[in-house]
Amino acid sequence: MCRMKALAINSLTKTYPNGIRALRGIDLDVEEGDFFALLGPNGAGKTTTIGIITSLVNKTAGDIRVFGHSLDNDIYAAKACIGVVPQEINMNLYESCYDIVMNQAGYYGIPRSQAAVHTEAMLRQLQLWDRRDDQARGLSGGMKRRLMIARALVHSPKLLILDEPTAGVDIEIRRSMWGFLKEINEQGTTIILTTHYLEEAETLCRNIAIIDDGRIVENDRMSAILRKLHQEVFVLDLVNPLDAAPVLADFKVRSVSESELEVEVGKGQSINDLFSLLNERGIAVSSMRNKTNRLEELFIRLTQRKDASIEGSDR
Amino acid sequence: MSGAPLKIQLVGLYTIVRKETSRVARIWVQTIVPPAITMSLYFVIFGNLIGRRIGDMGGFDYMQFMAPGLIMMSVITSSYGNVVSSFFGAKFQGYLQEMLVSPLSGWVIILGHVMGGVVRGLAVGAIVTVVTLFFTEIDVKHPFIAFAVLILTAMVFSMAGMINAIFARKFDDIAIIPAFILAPLTYLGGVFYTTSLLPDFWAGLSKFNPILYMVNGFRYGIIGVSDISIGSAFAVILIFLVLFAVTCYYLIHKGIGLRD
């Protein structure tokens, strides 16, 4: 079955009045129902892209369609499909949580009686109902982020855009937000997420685009992208300390400390082979972990490669 | 281009107006009380103490002559101040984005804020009128004209406040226009005197001050005298109304001062 595109971006460019070229021709498709990660280093163009999709930034050129509605010709229908959680806290901190969500429902044309039902449901789902009468300024950072999610979802958008929604949120709340986002995605809401927590993207998202210097440098399924990794680095905790790193055929081994080894396992190599070699030398391993998040490794490689080529160019 | 569904726009308009009027009521000590106190002082000092020595103005007791001007002055400053502070606050703190990302049309965003400004202007005008009644009698000669001039003037200055807020980048920028343009034009706009007292040059120059037309239009509605014909007063008010409305819409539609 051919799914509708929740978002279709063609040749999107943006040059700011000060001459900075934030986007240099972006093409991007997000399918309906997807949980999509848009990653990139600071200043890569993520927030500009989101700003243009949500009509907060004027584009220089290009075409954007949200569920088939053009931002140029059918902007009201396109806007009605979108809910956005921005990177910065952007609410009236002197208004109550209830009023903030209710007003947003009103801006999307939901009558007050119906909006009250939606607002209560959202505030309850995001565990803010008990704080509904409190001014937003009294909430913790994590609560403010949850309030922004409630506000973005009150009109039941088909496309939810989250620009670093868990920045500054503690691990417990972050994981509960992940659970909530997974749930609404399973219920049919398409989600686009930008984040600096690559573990977050790897855990939640099915498809991914990496943007760097205003260009998409990678765009594929998460699983396909992770398969492109040629090697992973594992850290082994040893039962007995070693004076030096052992030499193991086909594996690069480095001693981190007396009781820790770092081993590079390349594509096609087997961890079983590694353990066989360690057993032959009588080296017992108590535990093992990835040195870095796999996506993080790829991300750094892609963006560093770009930096290196920029350094080598005339720019 | 497909239009915005009417239902969404009407509910959105109601939401903005409700929000704006709630704000006026919530911070009534800042929005309603100060103009009432200021105008009371004007009545006590200029009307009661100094006004007695001035005698008649335009054929009326000075207090009666001054009252419509003071009511209009409070409406102008309140409607302007309401929209400039509310809209700039929303822009500065970022929550204007709540409206900008929504499917509300630019006209609804303008009208909602203008109605908020008009509500505050009329609320302050009503309180100043009540204060006036403690000092002098008011026998309204042309109530419809007075009301129409009041509403239209409040709309004009609400939109002027919005334009100021759109261009403002810091809080200083929303204080400059009221202090250096609005206040001088208001004080020189015939609130306290009739232009027939001025030398010809200054009387002629006053004709370029739009507030003169608003104050005199309202004065005509209240006590039946004016330095300006009522037709000219309405014409000037309507010209500014259309000019500011088109400017507001253009700025919001293009995102000037709001996007990028």
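A crossing of two helices is left-handed if the near helix is turned anticlockwise from the far one by less than a right angle, and right-handed if clockwise. The model shown is predicted: local features need pLDDT of at least 70, side-chain atom pairs count only at pLDDT 80 or more, and totals for chains, interfaces and linings use all residues. Residues are numbered from 1 along each chain as its sequence is written; chains are lettered from A, and ligands numbered from 1, in the order in which they are written.

**View 1. Helices H6 and H11 of chain B cross in the right-handed sense.** Helix H6(B) covers residues 106-135 and helix H11(B) covers residues 230-254 (helices are DSSP runs of H or I with at least four residues, strands are runs of E with at least two, and both are numbered from the N terminus). The axes of H6(B) and H11(B) lie 9 Å apart, at an angle of about 125 degrees (axes are lines fitted to C-alpha atoms, for helices over the stretch in contact, and angles run from 0 to 180 degrees between N-to-C directions). H6(B) and H11(B) are therefore oblique to each other (under 35 degrees is roughly parallel, over 145 roughly antiparallel, 65 to 115 roughly perpendicular, and the rest oblique). From H6(B), Gly106(B), Trp107(B), Ile109(B) and Ile110(B) meet Ala245(B), Cys248(B), Tyr249(B), Ile252(B) and His253(B) of H11(B) (contact means C-beta atoms, placed from the backbone, within 7 Å). This contact of H6(B) with H11(B) holds 7 nonpolar, 2 polar and no charged residues (Ala, Val, Leu, Ile, Met, Phe, Trp, Tyr, Cys and Pro are nonpolar, Asp, Glu, Lys and Arg charged, and the others, Gly among them, polar).

**View 2. Helices H7 and H10 of chain B cross in the left-handed sense.** The axes of H7(B), residues 143-167, and H10(B), residues 210-223, come within 7 Å and cross at roughly 155 degrees. That angle makes H7(B) roughly antiparallel to H10(B). H7(B) contributes Pro143(B), Ile145(B), Ala146(B), Val149(B), Leu150(B) and Thr153(B) to the contact, and H10(B) contributes Met214(B), Gly217(B), Phe218(B), Tyr220(B), Gly221(B) and Ile222(B). Of the residues in the contact of H7(B) with H10(B), 9 are nonpolar, 3 are polar and none is charged.

**View 3. Helix H3 packs against helix H4 in chain A.** The axes of H3(A) and H4(A), the latter spanning residues 112-125, are 9 Å apart, and the angle is about 130 degrees. H3(A) is thus oblique to H4(A), and the crossing is right-handed. On H3(A) the contact involves Cys97(A), Tyr98(A), Val101(A), Met102(A), Ala105(A) and Gly106(A), while on H4(A) it involves Ala115(A), Ala116(A), His118(A), Thr119(A), Met122(A) and Leu123(A). The contact of H3(A) with H4(A) divides into 9 nonpolar, 3 polar and no charged residues.

**View 4. An open antiparallel sheet of 4 strands lies in chain A.** The strand order is S2-S1-S4-S5. S2(A) and S5(A), residues 69-70, stand at the edges with a single partner strand each, so one side of each has no neighbour in the sheet. S1(A), residues 5-15, and S2(A), residues 21-31, run antiparallel and share 8 bridges (strands pair if DSSP finds at least two bridges between them). Leu12(A) stands opposite Ile26(A) of S2(A). The hairpin of S1(A) and S2(A) has 5 residues between the strands, and Gly19(A) takes a positive phi near 95 degrees there. S1(A) also pairs with S4(A), residues 61-66, in the antiparallel sense over 5 bridges, with Ile9(A) opposite Ile64(A) in S4(A).

**View 5. An open sheet of 6 strands with mixed pairing lies in chain A.** The order is S6-S7-S8-S3-S9-S10. S6(A) and S10(A), residues 215-221, are the edge strands, each pairing on one side only. Direction ignored, neighbouring strands are turned by 15 degrees against each other on average. S3(A), residues 35-39, joins S9(A), residues 207-212, in the parallel sense over 4 bridges, and Leu38(A) stands opposite Ala209(A). Helix H1(A), residues 46-53, packs on this sheet and touches S3, S7, S8 and S9 of chain A; its direction makes about 145 degrees with that of S7(A). Helix H5(A), residues 141-153, lies across S6 and S7 of chain A and runs at about 170 degrees to S6(A).

**View 6. Chain A touches chain B.** The contact takes 28 residues from chain A and 25 residues from chain B. On the chain A side, the elements giving two or more residues are helix H2 (75-80), strand S6 (82-85) and helix H3 (97-107). That side of chain A has 15 nonpolar, 10 polar and 3 charged residues.

Note on methods: Contact = placed C-beta atoms within 7 Å.
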